[in-house]
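Here is a short briefing on a structure. Look at the sequence and the coordinates first, then read the points.

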Amino acid sequence: MPNDGHLQRGNALIALALPAETENGSFEAPSLEDLHLPNIIPWMGEGAGFSKQMLLVLLSVVLISWFFVAAARRGKLVPGKFQFLGEFGYGFVRNSVGKDVIGERDFKPFVPLLVSLFFFILVNNLFGSIPLIQLPTTSHVGTCYALAGIVYVFWIGLGLRKHGLRYFKVATVPSGVPKAILPLIVLIEIISTFFVRPITHSLRLFATMLSGHLIIALSAAGTAYLFLDADGPLKALGVLTFAGGVGMYLFEILIQVLQAYVFVLLTAIYIQGSLAEDH
Amino acid sequence: MEVHGSLNLIGYGLSAIGGGVGVGLVFAAYINGVARQPEAQRVLQPIAFLGLALTEALAILGLVFSFVIGA
């Protein structure tokens with residue numbers, strides 16, 4: 001939990017609200033360094049050791065496998081609570097992402113990838129809203145690079161297997177474009193498909209998780225500061241930051257589920273694009 | 001009064017305007033569509049979220065560049 005003791009930089013916005021507190025004991029907003037805790041097991045340079053994020057990734061794998069094994073064991077015709085939850089989650093990804101986007105004919109081989117991606121990201125996002133854990137693994141950009149990298153290699157490989165080398169023509173040359181502007185369109189398509197796509201795919205998840213985490217940390221630090229250090233009537237303002245923090249916390253749960261859905265939806269769309277016959 | 005911070009944040013704020021307007025337009029069209037034809041909701045939902053994701057990309061690039069390009 002960030003407190004004002006080890007925070008470094010002043011925050012212009014808060015300084016506006018607290019003109020009396022600019023010199024000593026002023027409020028300092030949590031920075032990016034405060035969100036990345038020191039490694040549990042340090043190794044070589046900074047950021048290379050075994051960190052809390054890695055521990056959480058392992059924990060999420062254990063949790064997800066335990067949940068689905070427990071939900072699938074002793075399957076009954078009339079499902080119990082557990083089996084219902086498992087079937088509901090699986091059915092949601094299978095039907096509303098896989099079947100609707102990739103198409104009824106060839107969505108089946110990709111269901112395992114989509115389901116495991118969805119639940120891995122969902123659980124790792126929700127870690128940000130579980131008290132005591134309070135750290136979405138995906139707020140560290142390395143996690144998102146790895147996930148988007150797997151998907152990137154997967155859909156390019158899929159396109160190459162389906163079309164051979166002609167795939168690059170399928171992916172970049174749209175039909176029905178006047179010859180005069182074709183080179184420009186192809187250039188834009190190459191950049192947007194093969195370079196910008198994996199970058200935005202990973203950074204979308206990372207940026208929303210990081211900013212959500214920062215907002216909650218900011219309102220927590222602001223509440224702590226206003227209640228403990230601010231003088232007189234300013235203490236009452238802490239109620240506002242606290243209420244805002246609770247509101248953002250609930251909003252953040254919605255965003256975490258939504259971003260897991262968006263990531264998997266985009267994965268399905270990329271897969272569908274690789275399978276399509278023309279651009 | 002002294003104000004600290006980086007101008008990059010103002011740049012990011014400006015880039016977020018475009019993304020905000022775009023996401024608003026996408027969901028306005030989605031809500032319009034569903035209000036007129038509620039049974040189309042299943043078809044429109046993935047399209048709406050795809051539009052959200054593509055529009056949001058610009059704001060994300062703004063956020064990243066505000067970190068990457070030095071203060």
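What percentage of the 71 residues of chain B count as buried? The figure is 13%, where buried means 20 or more other C-beta atoms within 10 Å of a residue's own, with C-beta atoms placed from the backbone. This is a predicted model: local features need pLDDT of at least 70, side-chain atom pairs count only at pLDDT 80 or more, and totals for chains, interfaces and linings use all residues. Residues are numbered from 1 along each chain as its sequence is written, while chains are lettered from A and ligands numbered from 1 in the order in which they are written.

**Chain B**
- Chain B has two helices and zero strands; helices (H or I, at least four residues) and strands (E, at least two) are DSSP runs, numbered from the N terminus.
- Its radius of gyration is 17 Å, well over the 11 Å of the globule rule for 71 residues, so chain B is more spread out than a compact globule. The radius is taken over C-alpha atoms, and the rule is 2.2 Å times the number of residues to the power 0.38.
- The C-alpha trace of chain B spans about 55 × 25 × 10 Å along its principal axes.

**Nonpolar cores**
- The largest nonpolar core holds 47 residues. Such a core is a set of buried Ala, Val, Leu, Ile, Met, Phe, Trp, Tyr and Cys residues joined through C-beta atoms within 7 Å.
- Among the members that touch the most others are A:Phe263, A:Val264 and A:Leu265.
- Helix 9 of chain A gives the largest share of this core, 10 residues.
- Apart from this core lies another, of six residues, including A:Phe27 and A:Leu218.
- A:Leu265 touches A:Val97, A:Val101, B:Pro46, B:Phe49 and B:Leu50, leaving out residues up to four places away in sequence.

**Helix 6 of chain A**
- Helix 6 has 23 residues and reaches 33 Å from first C-alpha to last, close to the 33 Å expected, which is 1.5 Å times one less than its number of residues.
- Its buried residues include A:Cys144, A:Val151 and A:Trp155.
- The buried residues of helix 6 pack against helix 3, helix 5, helix 7, helix 8 and helix 9 of chain A.
- A:Gly164 follows helix 6 and has a positive phi, near 75 degrees.

**Interface**
- The contact takes 12 residues from chain B and 13 residues from chain A; two residues are in contact if their C-beta atoms lie within 7 Å.
- On chain B, the side touching chain A has nine nonpolar, two polar and one charged residues. Ala, Val, Leu, Ile, Met, Phe, Trp, Tyr, Cys and Pro count as nonpolar, Asp, Glu, Lys and Arg as charged, and the others, Gly among them, as polar.

Terms used:
Buried ≥ 20, exposed ≤ 12 C-beta atoms within 10 Å, placed from the backbone.
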